[in-house]
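Me: I have this chain open in the viewer and I'd like a close look at one spot in it. Pick a single residue, tell me what surrounds it, and then walk me out from there to the packing elsewhere in the chain.

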Amino acid sequence: MMGFKLSIKLLSIKLLAIAAFTTAAAAQEKDKTGDIIARGEYLARAGDCTACHTAPEGRLFAGGRAMPTPFGTLYTSNITPDPETGIGKWRADDFYKTMHSGRFPDGGLIYPAMPFASYTKVTRADSDAIFAYLRSIAPVNQKNKPHELRFPYDNRQLILGWRTLFFSEGEFKPDPKKSAEWNRGAYLVEGLGHCGMCHSPINALGGTSQSDAFKGGLIPMQNWYAPSLTSNREAGLGDWSIKDITDMLQTGVSMRGVVYGPMAEVVHNSLQYLDDADTRAMAVYLKGIAEPSPPPAASSALPTSESSLLISLGKTVYDKNCASCHGTQGEGKPPHWPPLANNQSIEMQSAVNPIRMVLNGGYPPGTKGNPMPYGMPPFAGLLSDNEVAAVVSYIRTAWGNRGTPVSAREANELRSAPLN
C-alpha cells in the first residue's frame, strides 16, 4: 500500500513538472511571437506601409487611398487580416510571394505603384515578421475599390512588358567589399525604404532604368522634385557629416537643411521611428553613393535684361518678406530656419521646390526629435507671379549661389499644383 501511495506521489510530481515545463514553453513561445510581431511593426514602419495603405481619415491599413498616376487613379488595397476583404486567408508564403515577385497569391500581376521592384530585396525572415505584424492588427471589413485606369492601361497583361524592362527579382545581396554597416544601409535604402521610387527619374512608361537609380526626378502628379542622391550638386550627401544626415532623417531638420513636401511625410510616418544604428547605416550608405559633381555652369533661358529686372525686384521682395528668418545674406538660423546661401536644394537645375515653398509654405514634420517644428507661411496670396519669380530668381543667384532665374510663367503653373 505504501508503494502504491509512493507511486501516486511520484506520478503527481512528474505531472506537475511536465505541466510546469509546458507552461514555461508556452510562455517562451508567446514571448518569441511577441518579439516577431514587434520586429514586424518596426519593419513595416521602415517600409512606410501606412503611407499608401491607410487613407486619410481611414482605418489603419484598410486601403482605399487614391494614388493618382499619369495613367489613371489606383486605389490601395486592404492589408488588414480581414478574411473577406483583406489578407486574412493568406499564408506567409503568399505574402512573401507578393513582396518578392509582385504577384498576388493566385498569380495575378500587381501594378508597379506598389514598389515590389524594391521589396523584392527584402529577406524572407523580414517578410515573415511584417506578415506576423499585419496578422496581429485589427481586421477591417472594407472592400477594395476598383482602379480607374484609362485604356489600354487597365489591361494588366501590359505589366508583363513593364516587368521585362524594369523589374529584376531577387533578395538583396551584400557587397563583400563594403562594411556590414554600409550593407545594412543599402538594404534599407534600396529595399524596404524604396527611396528610388521618388529619387529616380520616371520615364513615359512609369519605370526607371537601373543606370539612372537615385539620380533624381519630378514626382509624377505631385509636382515636387526629388533631387538626385548621387550628385553633390543636388542632394548628394558626400560633403555632409553623418550627424547632419541622421538628424535630417530622424527629425526632419539639420544644420544643413529642412525637409518639406513628400519627404516630410516619409520622415513623419517612417524614418523617425528607426533606431540609431539603422539611421546611421542609411546615412553611411547615402554618403557613400554621392559622386562629386562640378558646379553647374550658370545659364538661363531668360533674356539678360529680364533676368536683371527680376533679380533686382527679387532683392526688394526678399528683404521685406524673407530676411528676418533667412538672414540678409541668406545665412539662416539653422536648424529651424535653413540657410539659403550655398543651399543645394536652392541651386538645383529644377526650381520646382523653391517656387512651391514660396507659394505654399510648409512645415517640417513633427517628430519625437523635433515635436514643435517651425514652419514657413505661404505667400501665394501676397505675391504676384512676377514677385514669386523674382524672389526665387534672387535666392538662386545671390550670395554665390549658382542657380538660374525662373520665369513668372513657371510660378503661375505651380499655383495649381496639389498640396497633398
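Reply: Val 388 is buried: its relative accessible area is 0%, and anything under 20% counts as buried. Bear in mind that this is a predicted model. You'll find Val 388 in helix α15, which covers residues 385-397.

So what does Val 388 touch, once you leave aside its neighbours within four places in sequence? Its contacts are Ile 355, Val 358, Leu 359, Leu 383, Ala 411 and Arg 415.

Now for the cores. The largest nonpolar core has 44 residues, and Ile 130, Leu 134, Tyr 285 and Leu 286 have the most contacts inside it. Helices α1 (2-46), α3 (92-101), α5 (124-136), α7, α8 (242-251), α9 (261-269) and α10 each give two or more residues to this core. There's also a second, separate core of 29 residues; Ile 355, one of the contacts of Val 388, is among its members, which also include Tyr 225, Leu 310 and Leu 340.

Back in the largest core, click on Leu 134. Again leaving aside neighbours within four places in sequence, Leu 134 is in contact with Phe 61, Ile 79, Pro 81, Ile 87 and Phe 95.

Helix α7 (residues 180-192) meets helix α10 (residues 276-289) at an angle of about 90°, with the axes 7 Å apart. That angle is why the pair is called roughly perpendicular. On the α7 side the contact includes Trp 182, Leu 188 and Val 189, while α10 brings in residues including Met 282, Tyr 285 and Leu 286. Sorted by class, this contact has nine nonpolar, one polar and five charged residues.

Last stop, the strands. Three of them form an open sheet in the order β1-β2-β3, with antiparallel pairing. Strands β1 (66-69) and β3 (148-149) stand at the edges with a single partner strand each, so one side of each has no neighbour in the sheet. Strand β2 (residues 72-75) is joined to β3 by two bridges, and the two run antiparallel. To find that pairing on screen, look for Gly 72, which stands opposite Leu 149 in β3.

Methods
Residues are numbered from 1 along each chain as its sequence is written. This is a predicted model: local features need pLDDT of at least 70, side-chain atom pairs count only at pLDDT 80 or more; totals for chains, interfaces and linings use all residues. Side-chain values use heavy atoms; hydrogens and water are left out. Axes are lines fitted to C-alpha atoms, for helices over the stretch in contact, and angles run from 0 to 180 degrees between N-to-C directions. Helices (H or I, at least four residues) and strands (E, at least two) are DSSP runs, numbered from the N terminus. Angles under 35 degrees count as roughly parallel, over 145 as roughly antiparallel, 65 to 115 as roughly perpendicular and the rest as oblique. Contact means heavy atoms within 4.5 Å. Ala, Val, Leu, Ile, Met, Phe, Trp, Tyr, Cys and Pro count as nonpolar, Asp, Glu, Lys and Arg as charged, and the others, Gly among them, as polar. A nonpolar core is a set of buried Ala, Val, Leu, Ile, Met, Phe, Trp, Tyr and Cys residues joined through side-chain atoms within 4.5 Å. Buried means under 20% relative accessible area, exposed over 50%, partly exposed in between (1.4 Å probe, protein chains only). Two strands pair if DSSP finds at least two bridges between them.
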